[in-house]
Amino acid sequence: MNRTQNWRYIPLVAWSLLVALPLYWVLITAFKDTTSIYNGARWLPWVDFHPTASAWHDILGGANSVYGPLYHSLVIATVSTLIALVLGSMAGYGLARYRLKALWFKNNDIAFWIVSQRIMPPVVVVLAFFILYKNLGLLDTIPGMIIVYTGFTLPLTTWFMESYFKQVPIDLEEAAYIDGASRMVVFLRVALPLVTPGLIATFLLAFSFAWNEFLFAVMLTSENATTLPIVIAVQQGQLGTSWWNICAISLISIAPMTIVAIVLQKRLVTGLLGGALK
Amino acid sequence: MSFSNVSTDNGLTFGAATLDNWRTLLNDSSFWDSLKFTILFVIIAVTLEYFIGFGLALLLWRPIRFGGFFRVLFSIPMMLAPVAIGFMFRMIYDQSNGPVDGTLQRIGLGQPPWLAQPHWAVASVIIMDIWEWTPLLFLLLLAGLQALPEDALEAAQLDGASGFRVITSIIFPILAPISVMVVFLRMVDAFTVFGQIFLLTGGGPGTATTSTTLFAFFQGFQNFNVSYGATIALALLVIVTAIALAYLATARFLMRRIEA
């Protein structure tokens, strides 16, 4: 393609503006106060309104400090994603490399059975979890939330990892077996390093699920294990909605994901590929 | 749970097993309304997301200056918390203080009553979903495009096929399996939409944007009719499974036709 295709920038820039407008609005609203929010649309800081950092003072040390929920979110999302990734890549490897048969269930049936969990709307089980957790004393605990999120991301990680492992040429592994390596060594030293991009992509998807999940968090936590999405939601309180706090917390919550996406964007694109090829 | 009558008065006790909940459900017009909205929402949103995502992927597929920048920017929305997106769009749609209506009025297009009027509210919810999830389809289709066999494309170009012909007769068929999978994932997820709508419209005005998940939530946790909520949720599961299986079967059938 050596023809110049500058027209391509027209739709690209148009979509960029559509994507960026809400994000820009969140960014400036995080620096607004009551007067600059409620008197018509104000676009430009210093020109249309006076930026203030009061929201940031409030959530980073004031009455509405977000450190607690931020910590819960980090622990819950990281731990549950790591567990799901470890179990998921082992299960995925097993499905990709061994011929399994349980009654009339073969590999593909098992894989579909696992991914069919994604078909289930979470609201189906949230009530059951609520009753179960109430009886087990797991309501509003960090381990409780880790268990739920691990359960929910595991099908995804298993399914994605299986398709990544399937792409790895088996010759490499066979060569390692001939050299006398055990199964565990082949898995850890040969297969796993080859699917690193896939591992990263899967990690991101699973992490962003656990990081952003709302329904389970709102049902199963109240104080000791609240996550960031819940804090965003409760800013709409009896005293009116604190839009500036909502925006500031939203910015805090996308910051890590965006940084990771920038760093990994090239790998993410190649990494997601395998999962899509299933 | 759906077959009994769970009471919340005295801890949680299960009543005798009955079919009462299911009978109520089948005659509950609000349930059918919520289902109608959900299905409409899924069809429109997923279709538009697919075509926009596909178009964007085609634009960014060949090396282009600032391509990396566009890729990152385009993928940010899907990493945002649904809750944050709900609030965000409430600000955007705000009639007096939001950025959209003021601008539209200045260029003489009037003020759409985004969230106040049922039809507009449905449109608002769909626009929000497109904003949030087009990135997923964009990324996965872009990844698929990058795996296209170069020789097939070069051959077509040597034969003098136009750009449009190349897309419809070469790129599209090769991407079909990926498209089926991606649309499947997205469709199934769209059926369970909750957080965004909950915060954007709360299911209103009236019940115009009450998705079935929202309906189950309202019944189960705000009216404290836990077993009825469970019944709705289970009915949704059955319906989504049926639709998903029907979709996969149709897709497989069509793909076999293409290959043949």
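Reader: How many residues of chain B are in contact with chain A?

Author: In this predicted model, 62 residues of chain B are in contact with 54 residues of chain A.

Reader: And which helix gives the largest share of that side of chain B?

Author: That is helix H11 of chain B, which covers residues 226-259 and supplies ten residues to the side that touches chain A.

Reader: What about the kinds of residue there, nonpolar, polar or charged?

Author: On the side of chain B that touches chain A, 46 residues are nonpolar and 14 are polar, while two are charged.

Reader: Switching to the inside now: which residues touch the most other members of the largest nonpolar core?

Author: That core has 140 residues, and the two that touch the most other members are Ile232(A) and Leu141(B). Helix H6 of chain B, residues 118-146, gives the largest share of the core, with 14 residues.

Reader: Why does the core lie between the two domains of chain A?

Author: It lies between them because domain 1 (1-52) and domain 2 (67-276) of chain A both give residues to it.

Reader: Back to Ile232(A), then: what is it in contact with?

Author: If we leave aside its neighbours within four places in sequence, Ile232(A) is in contact with Ile246(A), Ile249(A) and Ser250(A) in chain A, and with Ala81(B), Val83(B), Ala84(B) and Phe87(B) in chain B.

Reader: Last topic: how many helices and strands are there in each chain?

Author: Chain A has 13 helices and four strands, whereas chain B has eleven helices and zero strands.

Reader: And how much of each chain is buried?

Author: Buried residues make up 40% of the 278 residues in chain A, and for chain B, with its 260 residues, the figure is 43%.

Note on methods. Residues numbered from 1 in each chain as written. Chains lettered and ligands numbered in written order. Predicted model: local features only at pLDDT ≥ 70, side-chain atom pairs only at ≥ 80, totals over all residues. Contact = placed C-beta atoms within 7 Å. Helix = DSSP H or I, 4+ residues; strand = E, 2+ residues; numbered from the N terminus. Nonpolar A, V, L, I, M, F, W, Y, C, P; charged D, E, K, R; others polar. Core = buried A, V, L, I, M, F, W, Y, C linked by C-beta atoms within 7 Å. Buried ≥ 20, exposed ≤ 12 C-beta atoms within 10 Å, placed from the backbone. Domains from an automatic or database assignment.
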